[in-house]
Amino acid sequence: MSSARDGFSSTFGVLAATLGSAVGLGNIWKFPYLTGANGGAGFLLVYLLATLLVGLPVMIAEISIGRAARGDAITSFQRLRPNGAWGLIGVAGVIAAFLIMAFYSVVAGWVFAYVAKAAGGGLLSTDPKVTSAAFGALVSNPWQALAWQWLVLGVVGVVISMGVSRGIEAVTKRLMPILFLLLVVIGVRGLMLPGAADGLAFLFKPDFSKITPAVVLVAVGLAFFKLSIGMGTMVTYGSYFRADQNIPATATRVMLADLLVSLLAGVAIFPAVFAFGFTPAAGPSLVFITIPAVFASMPGGAVFMFAFFVLTAVAAMGAMLSIVEVPVAVLAERFRLQRWQATLLSVLTIGTVGSLAAMSSSATADWTLFGLNPFDLFDYLSSNILLPLGGILVSLFVGWAWGRDAWRDALAQGGGKAAVIRILFVLVRWVSPLLIAVVMLKGLGAL
Ligand code: PHE
């Protein structure tokens, strides 16, 4: 590839942007609500296993594909193996990117709205009825939900159109560390609450009776969603990696840091759930109704809450940039659109599909398919079907089409260790495709 191709400019920048993609609403919104709804510690354990056995190897595979091919999510596969239809993995990824953004931008819109509410000193209450009502009023008002969603999309569009190193890298690098610190503060406060022990037991003492095949599929889907894999994001970001970057080491660091953020979010939320009498299974509203209660119970809570939602918005932004980068890179490189044109087209498409999701508690609430409204449908289809499917295909690509020698060379560049690569290859060739396939078939009730 030509040296003019945009990319990440430093090792820290690579780490920050990749971590910026992984860390997002997945940690602060999805992980807590899924853990709460699926029984707590047992779910956490399955999620951990899925992350280690399947998530990390697939993440390494995707980054290496992107870096070796230096192309977008479709072109990369074709460049490495021109014969066959491997580019379709990228096509599925682009579709998944649109579906994920369609609901992700809605939740990011709620976060933006909470920034504004927190700035006005609202929301603070330890009464579950009060915080639930405040959330309900926001989501069931179609105009508000839409306006916040489109504002989010506007901001995403502006940052993306500035380019990879100036836009994405600059923003994520500065703000990630602050989010981390703030979560520690909230976590410590959560641990000091009177019911903290029950919350910790829920999060860390497994009850395996809650683990059904459907729950396992949700955990696998979360592992993919969390690491931004199965849809081309890590292929695209891998194409911006420097040649001297150690891919397995970088991916492992990102995975661990991401996990830590999720656990911190869990520690920040579950003690409060039990202390103030919320239900852990509240669903997507969980964070939005419990977090204000934690802040209401602490001195200076209004200021901390404002900072929390600002930083959550920033984390969501890093993740969204990486999702939208998938179609933008395809449109810019394959279809030779200007970067701003590619961005505009992507954002408008997302906004159009996403509007259906934004109105899922109002105008489109009855537009159901398989019993799911648009918001839930996009979430379910992407996390539990498209991402795991993408994971199977990426594993098959590396394990059987690209092959061991080429993969070893791609990972050895930058310092991947031979023994590590050998283990990873077994995981990618055998374990991950078979395991994901079984989990999917069982989880969907087909086996
Ligand atoms: N990993 C991001 C999060 O947890 C979401 C994401 C999914 C980003 C897929 C990119 C691709 O918030």
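Predicted model: local features only at pLDDT ≥ 70, side-chain atom pairs only at ≥ 80, totals over all residues.
The table lists how each pair packs.

| Helix pair | Angle | Axis separation |
|---|---|---|
| Helix 3 (residues 41-69) and helix 18 (residues 418-443) | about 125° | 9 Å |
| Helix 12 (residues 247-276) and helix 13 (residues 286-296) | about 75° | 9 Å |

Take helix 3 and helix 18. Their angle is about 125°. Angles of 65 to 115 degrees count as roughly perpendicular and those over 145 as roughly antiparallel. Helix 3 and helix 18 are therefore oblique to each other. Their crossing is left-handed. Which residues of helix 3 meet helix 18? They are L53, V54, P57, V58, I60 and A61. On the helix 18 side, the partners are L424, L427, V428, V431, S432, L435 and I436. This contact holds 12 nonpolar residues, 1 polar and no charged.

Now turn to helix 12 and helix 13. These two are roughly perpendicular to each other, with an angle of about 75°. Helix 12 brings A268, I269, A272, V273 and F276 to the contact. Helix 13 meets them with L286, V287, T290, I291, A293 and V294. The classes here are 10 nonpolar, 1 polar and no charged residues.

Notes. Residues numbered from 1 in each chain as written. Axes fitted to C-alpha atoms, helices over the stretch in contact; angles between N-to-C directions. Helix = DSSP H or I, 4+ residues; strand = E, 2+ residues; numbered from the N terminus. Parallel < 35°, antiparallel > 145°, perpendicular 65-115°, else oblique. Left-handed = near helix turned anticlockwise from the far one by under 90°. Contact = placed C-beta atoms within 7 Å. Nonpolar A, V, L, I, M, F, W, Y, C, P; charged D, E, K, R; others polar.
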